[in-house]
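Hi everyone, thanks for making time this morning. I'd like to walk you through one structure, and please keep it open on your screens while I talk.

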Amino acid sequence: MARLKKRYWIPSFILLIIIIVGLSGWRYWLAFKDEYNLSIDWQGINISWDGLSFAELNIVQPSQLSVTASDVKISWSQLSAKNIDIYWQKADLTNTQAVAKVADDQLQKLDQSTFEPSLISTIIAWLPTNINIEHLTLHQQDSELFNLKVAVVKNQNTLQLNLASNTQDMATLAADISFNQLNSSIEIENGVLTTSLSYFGIEKGSLTLPFSGVLTDKLFTLKSTDKAQVNIEKANFFDDLIIKPLIGKLTLDAVLPIPFKANQVSVKSTLTINKFDGIYKASEFRSALGDINLLFNNNQFTVTTSALTIQQVNIGVIFEKIKLAGSYSASLAAPNKGIVKWQLAQAAIFSGSVYLDKGQLNLAKLPQKFTLRLKKVQLKDIFTKYPAEGLAGEGAIDGVLPITLLPSTKKGTALTEIIIKNGQLVTVNEGFLRFENSALQNYAQANPNMKILTDIIKNFHYTKLSGTVNYANEIAKLGLNIQGNNRDVENGKAVNLNINLEENIAKLLISLQLSDQINEPIRKRIEAYLKRKS
């Protein structure tokens, strides 16, 4: 009998320790659930040397939180579950004052409480060696936010975390989490986020972001440890913007306060673009390259670039080899009321160039003025790109177009109107104009007094061409003064021609686009615009 007692003494002692620890944990759990008004029930419980198992386990906080777990197994070495569904309901807003009081009380508790990262060390120590959850699903207001597969392996004081989405929006997250006793901080190392990016209007894309982070009682810092690979094949972020494709690399450095306060968030990132094509409204841009920097701090954001190039922008008129260097700063409360500054803004057009002098605009204080300059724009290229029957010419033109941005409204929507007042055009050197077609010949036959003029402009060599440009309400008015002669008419007598032209620029650009090989999305947008106009 004595031998029997001695034989079972050690396991009995171990069982006693387990019972004491279990009772202590159960007492702590009862105090915790009473404090937060939690209720718990289960089905199919089984207790063995391998631990506890539940067919179903339910934890409920009335009108706010519900957690349902199935096929749960708990032991010293393992925690597993087939499904854990978390249902979160937003507070009922019918009683505004009560809700506001609850919110204020919770915020006050957060401000007064101090987060103790050292608790994480204790939690890590007591966690099982392996944690496996096949489906961890969060629902909010009956909508599924995410569905993840969770795997955690504890290696001494480090957790190897692996998350993977169970939906078609593939995403994986891997990281090593540990507690730094010296700095009282939680450290995240060897983090890698890989996602399909099928969110926010992205139809097909991918992101691979290596990162690290540190969590203290006051701050959470996150930064990329190497350049993230960004690949977006097609995206429609807004109704006006379509991207296809975007290929680049991203660096990220973010600091978030604890407790979270949006006005104290700081984010720095740089996107290095290797290829960027897209459509904005009815304009197409191709082959953008360069670095774009984003700084977000105190609810203010600044986007800068020191050297951004775009191979082509087609708005009906084609701009090529665009070069940009500048910045845009605004607040999140009024993102379209910021300040744009530029050190460089130029493009090639019709074998010449168009550019802006260094300057800035404050879009919150309209009207604002700036000057657009033309240099050596070739008439030959204009007539070649946009031919008119019987019209040809050669020559180079410089120009100065003073542009004013004015506030405007249309159907209750705030807009920015563009006007040009007394813009100037002038030829760089001599050139010629040739205009001869069947309609002009018929006109001369019907009106003999105009025969000399029609003969002159069949081969008119000009010594000076100047003009004025005015634009408002989509209507451009061009006044030209041309001085020269036709050497074959009236012995080359000097002629001074004054010509006034008027054109609806919006309709002209649309007609130019429709006559060109444009993308189908642009064609559909133009057709929809014309349908609304009609």
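I'll begin with the overall picture and then move to particular residues.

First, a word on how to read this. This is a predicted model, where local features need pLDDT of at least 70 and side-chain atom pairs count only at pLDDT 80 or more, while totals for chains, interfaces and linings use all residues. Residues are numbered from 1 along each chain as its sequence is written, and side-chain values use heavy atoms, with hydrogens and water left out.

So what is in the chain? The protein chain has nine helices and 29 strands; these are DSSP runs numbered from the N terminus, with helices being H or I over at least four residues and strands being E over at least two. Of its 534 residues, 30% are buried. Buried here means under 20% relative accessible area, exposed means over 50%, and partly exposed is in between, with a 1.4 Å probe and protein chains only. The accessible surface of the chain is about 33,700 Å², and carbon and sulfur atoms account for 57% of that; the areas come from the Shrake-Rupley method with a 1.4 Å probe, and for residues only the protein chains shown count as cover. If we take contacts between residues at least 6 apart in sequence, 45% join residues at least 24 apart, a contact being heavy atoms within 4.5 Å.

Now, confidence. The mean pLDDT of the chain is 81, and 80% of the residues reach 70 or more; pLDDT is the predictor's confidence in each residue, from 0 to 100. Residues 1-10 stay under 50, and the model gives them zero contacts beyond four places in sequence. Residues 109-115 are also below 50, but that stretch has seven contacts beyond near neighbours in sequence. Where pLDDT is low, the predicted coordinates should not be read in detail.

Let's turn to the charged pairs. How many salt bridges does the structure hold? There are three, counting a side-chain nitrogen of Lys or Arg within 4 Å of a carboxyl oxygen of Asp or Glu. Side chains of opposite charge can pair when their charged atoms come close. In one of the bridges, E284 pairs with R286, with the closest N and O atoms 3.2 Å apart. Is E284 buried or exposed? E284 is buried, because its relative accessibility is 9%, whereas R286 is partly exposed at 37%.

Another bridge brings D357 and R373 together at 2.7 Å, N to O. This pair links distant parts of the chain: D357 sits in the loop between β20 (352-356) and β21 (359-362), and R373, 16 residues apart from it, is in strand β22 (residues 368-378). D357 is partly exposed at 34% relative accessibility, and R373 is partly exposed at 25%. There is also D455 with K458, where the closest N and O atoms are 3.4 Å apart.

On to the rings. A search of the whole structure finds four aromatic pairs. To count, rings of Phe, Tyr and Trp (its six-membered ring) need centres within 6.5 Å; planes under 30 degrees apart are stacked, over 60 are edge-to-face and the rest are tilted. F301 and Y328 have ring centres 6.3 Å apart and planes at 50 degrees, so they are a tilted pair. F301 belongs to strand β17 (residues 300-314) and Y328 to strand β18 (residues 318-331), 27 residues apart. F301 is buried, with a relative accessible area of 14%.

Finally, some backbone details. Most residues other than glycine have a negative phi, and most peptide bonds are trans. The K244 to P245 peptide bond is cis, with omega near -10 degrees, and P245 lies in strand β14 (residues 241-257). L366 and P367 are also joined by a cis bond, with omega about 10 degrees; P367 is in the loop between β21 and β22.

As for phi, N190 has a positive value of about 55 degrees although it is not a glycine. N190 is in strand β10 (residues 185-195) and is exposed at 57% relative accessibility. S287, in strand β16 (residues 283-297), has a positive phi near 55 degrees and is partly exposed at 31%.
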